[in-house]
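Hello,

Here is the structure I said I would pass on. Please open it first and keep it beside this email while you read.

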Protein chains: 2
Amino acid sequence: MPLNHHIALVSDQIAMDYLLPAFRARFPQARLHRIDTQVQELDALADIDTVVCWSPPTGLLARMPRLRLIQSVGAGTDHITRDPSLPDVPIRRIVDPEMAAGMNAYVAWAVVHGQRHMAGYIESQRRAAWEESPVVPPGRHRVGIAGLGVLGQSAARALAAIGYQVRGWSRSPKSGLPEGVEAFHGEAGRAAFLAGCDTLVCLLPLTEDTHGILNAELFAQLPRGARLVNAGRGAQLVQDDLLAALDSGQLASAVLDAFIEEPLPRDHAFWHHPRITVTPHIATRTGPEAIARQTEDHLKRLSTPTHA
Amino acid sequence: MPLNHHIALVSDQIAMDYLLPAFRARFPQARLHRIDTQVQELDALADIDTVVCWSPPTGLLARMPRLRLIQSVGAGTDHITRDPSLPDVPIRRIVDPEMAAGMNAYVAWAVVHGQRHMAGYIESQRRAAWEESPVVPPGRHRVGIAGLGVLGQSAARALAAIGYQVRGWSRSPKSGLPEGVEAFHGEAGRAAFLAGCDTLVCLLPLTEDTHGILNAELFAQLPRGARLVNAGRGAQLVQDDLLAALDSGQLASAVLDAFIEEPLPRDHAFWHHPRITVTPHIATRTGPEAIARQTEDHLKRLSTPTHA
């Protein structure tokens, strides 16, 4: 493995400088480049052999003739593969147990925030008003997790440990689900799953099938007054359908962490809707050290002949 | 057991009408009375044999000559026993698995709310501002539960399932703690416990020993910038010490559900402090049906001779 890697930290959505210390420590002899929202080192494209990225600009990676690894900084790769001119270079994701725990915490907070009227209490506090809402115990509230990958299964386990009635839906049948989690799958199981979701948590990967899946037709299959948590991808949500479902009362509230356009534009209706909670795509994140370490592992494996 | 009980629903803090349907269903031949914040049926005092209460007015129960059961609507009885003129009548508490689950949900929300900067995101949303805070994974955050009764042990289990590093403190050693929870006990274990609490959750019962336990001396033993969740009792917190610890930076934030005076007075400093979250004593509650059912059980046992 050459010691003098040219590694580019690439994103058209976020500043990537948070990765610099970890990559400097892990790759002391590498040249580090940035092509992000703050720095545009485009003169180095010909040298770059490794891209570490979140949502790289369309067409950019095709302009890197020496590229041999595309490293996502997250569990998903859809933010990379949507580029139609993507070169034929191995793409790797980050697998990090800390990511699942971070998502557990976010999902637990978001589910309780809606189910237990916490947004209302925060609003009451501004008026110094002691206003109780009904306290419905978790055992009488059904939380449905759409998507039972590593993150979905982990969130299901955490919600069941709190005491929620948990159900899960996945495209294909899953084994090894946490005890007490009711499983549904496929198109055939979809309606029965949705009909029993007092809160629906979306943790689906973004694919052609899940693009726009959170739409009016799906909302109509939930119990009236259901709550939505989207910790999946922004493109899974049809934004106008959400606003209409909130206005009609079909949905009671939504907690959203991912958006079609990030940062969410200042004039977007979601910011000011009284029953939408917006968080800036922070549900979970992999630590810089884990990203640098796993990037190194992936580079080592690429340079080692395998006997597959 | 006489069928024509006179049951009084008593509180000087909350309206007790939420219990009426469950008690009418469970005791169809009983006379139900209310002495609460809305209705004052004081003419019936001589007839009342059963009091179902939250914080009964001092001296009131001594004026009920036929009283034979004092039923708390919660897990605690300190809101009853603080009355110096309390008659010598059996006091019973409610034990309800739904209570533990309700507390789990509250504690999970409150811990994540502080640790993951959720209060800040809610504030940012008002300004339509996309402002990320550092995402520290739960595995690098130590949550300490003070009080390892039914509620404390259950909350410890739920927080560990999310992925937090959980430790617990109790007055005397406890067995059967959830796996992975580090246990401390007694005065000897107190300093070591507190030194490792990035968030401290108080679920202690209110006793002479725990009155005012959340004070400047205790806050000083926590790591600088620690967070506090008080889901115990208001009288455990020294209010001015909390404000001083927040102002000095010794504490970063507090989520409070219980107060010395409830409802919290409109002019109280807690309402408007930017780093205090106030909820109106809703962390958990027992369902009206469970309260009515357990009241009936307790009355039956009182009228059955025992061989103790």
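This is a predicted model: local features need pLDDT of at least 70, side-chain atom pairs count only at pLDDT 80 or more; totals for chains, interfaces and linings use all residues.

Start with strand β9 of chain A, residues 199-202. T199(A) and V201(A) lie on one side of the strand, L200(A) and C202(A) on the other, and all four are buried. Both faces of β9(A) are therefore covered, since buried here means under 20% relative accessible area.

Which strands pair with β9(A)? Strand β6 of chain A (residues 142-146) runs parallel to β9(A) and is joined to it by four bridges. In this pairing V143(A) is opposite T199(A). Strand β10 of chain A (residues 226-230) also pairs with β9(A) in the parallel sense, over four bridges. There, C202(A) has N230(A) as its bridge partner. Between β9(A) and β10(A) the chain passes through helix α7 (residues 216-221) of chain A, in a right-handed β-α-β crossover.

Now the interface. The size of an interface is often given as the accessible area lost when the parts come together. For chain A and chain B this is about 4700 Å², with 63% of it on carbon and sulfur atoms. W109(A), Q125(A) and W130(A) supply 18% of the area that chain A buries against chain B, more than any other three residues. Each chain brings 54 residues to the contact.

There are six salt bridges between the chains. In one salt bridge, the side chain of R126(A) meets that of E123(B), at 2.9 Å from N to O. Of the side of chain A that touches chain B, α3(A) gives the most, with 10 residues.

Regards

Notes:
Residues are numbered from 1 along each chain as its sequence is written. Chains are lettered from A and ligands numbered from 1 in the order in which they are written. Side-chain values use heavy atoms; hydrogens and water are left out. Buried means under 20% relative accessible area, exposed over 50%, partly exposed in between (1.4 Å probe, protein chains only). Helices (H or I, at least four residues) and strands (E, at least two) are DSSP runs, numbered from the N terminus. Two strands pair if DSSP finds at least two bridges between them. A crossover is right-handed if, with the strands pointing away from the viewer, the path from the first strand over the helix to the second runs clockwise. Contact means heavy atoms within 4.5 Å. Buried area is the accessible area (1.4 Å probe) that two parts lose on being put together, summed over both. A salt bridge is a side-chain nitrogen of Lys or Arg within 4 Å of a carboxyl oxygen of Asp or Glu.
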